[in-house]
Amino acid sequence: MFTCTFAGHRQLFEAGVDGRVDATLERLIRAEREILFLSGGMGEFDRLCERAVRRLRARHPDARVRLVLVLPRLARDINENRALYASAYDGV
């Protein structure tokens with residue numbers, strides 16, 4: 001099993017990044033069918049990568065692909081919007 005983490009900038013300053021992220025994730029899924037993705041969920045890059053993981057999961061339903069949101073602390077928002085987080089992530 002691979003573990004992959006995303007850490008990026010709040011803003012993206014370059015076009016075409018999503019294509020490169022998609023291509024990288026495709027290489028990973030060909031090498032390993034079970035991957036845990038960890039995201040900080042804080043900026044444009046993290047959200048771009050999260051969308052790419054969801055696309056990867058849709059293209060490879062037979063693979064075990066998990067997306068977990070990693071936060072420095074639990075926030076009230078998580079408890080108040082539990083269903084939203086549960087639908088977007090495999091864990092928080």
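This is a predicted model: local features need pLDDT of at least 70, side-chain atom pairs count only at pLDDT 80 or more; totals for chains, interfaces and linings use all residues.
**Exercise 1. Placing Glu-14**

*Solution.* 
Step 1: Recall the cut-offs: buried means under 20%, exposed means over 50%, and partly exposed lies in between.
Step 2: For a sense of distance, go on to Asp-62: 48 residues of sequence separate Glu-14 from Asp-62, and their C-alpha atoms are 32 Å apart in space.

**Exercise 2. Pairs of rings**

Work out how many aromatic pairs the structure holds, and describe how Phe-6 and Phe-37 are arranged.

*Solution.* 
Step 1: Count the pairs, and you will find two.
Step 2: Take Phe-6 and Phe-37, whose rings are 5.7 Å apart centre to centre, with 5° between the planes; this pair is stacked.
Step 3: See where the partners come from: Phe-6 is in strand β1 (residues 2-6) and Phe-37 in strand β2 (residues 34-39), so the pair links parts of the chain that are 31 residues apart.

**Exercise 3. The tyrosine pair**

Classify the pair formed by Tyr-85 and Tyr-89, then say what sits over the ring of Tyr-89.

*Solution.* 
Step 1: The ring centres of Tyr-85 and Tyr-89 lie 6.4 Å apart, and their planes meet at 25°.
Step 2: Planes under 30 degrees apart count as stacked, so Tyr-85 and Tyr-89 form a stacked pair.
Step 3: Tyr-85 has a relative accessible area of 17%, so Tyr-85 is buried.
Step 4: Tyr-89 is buried too, because its relative accessibility is 13%.
Step 5: Over the ring of Tyr-89 you will find the charged end of Arg-54, 5.4 Å from the ring centre.

**Exercise 4. The largest pocket**

Describe the space in the largest pocket and the residues that line the pocket.

*Solution.* 
Step 1: The largest pocket holds about 290 Å³ of space.
Step 2: Its lining has 14 residues, and those nearest the centre are Gly-41, Met-42, Leu-69, Leu-71 and Tyr-85.
Step 3: Sort the lining by type: 10 residues are nonpolar, two are polar and two are charged.
Step 4: Turn to the helices: α3 (76-80) and α4 (82-88) each supply at least two lining residues, and α4 gives the largest share, with three.

Methods. Residues are numbered from 1 along each chain as its sequence is written. Side-chain values use heavy atoms; hydrogens and water are left out. On a 1 Å grid over the protein atoms alone, a cavity is a set of points where a 1.4 Å probe fits but cannot get out, and a pocket is an open set with protein on both sides within 12 Å along at least five of seven lines; lining residues have an atom within 4 Å of a point. Grid points are joined across faces, edges and corners, and a volume is the space filled by probe spheres set on the points. Helices (H or I, at least four residues) and strands (E, at least two) are DSSP runs, numbered from the N terminus. Ala, Val, Leu, Ile, Met, Phe, Trp, Tyr, Cys and Pro count as nonpolar, Asp, Glu, Lys and Arg as charged, and the others, Gly among them, as polar. Rings of Phe, Tyr and Trp (its six-membered ring) pair if their centres lie within 6.5 Å; planes under 30 degrees apart count as stacked, over 60 as edge-to-face and the rest as tilted. Buried means under 20% relative accessible area, exposed over 50%, partly exposed in between (1.4 Å probe, protein chains only). A charge sits over a ring if NZ of Lys or CZ of Arg is within 6 Å of the ring centre and within 35 degrees of the ring normal.
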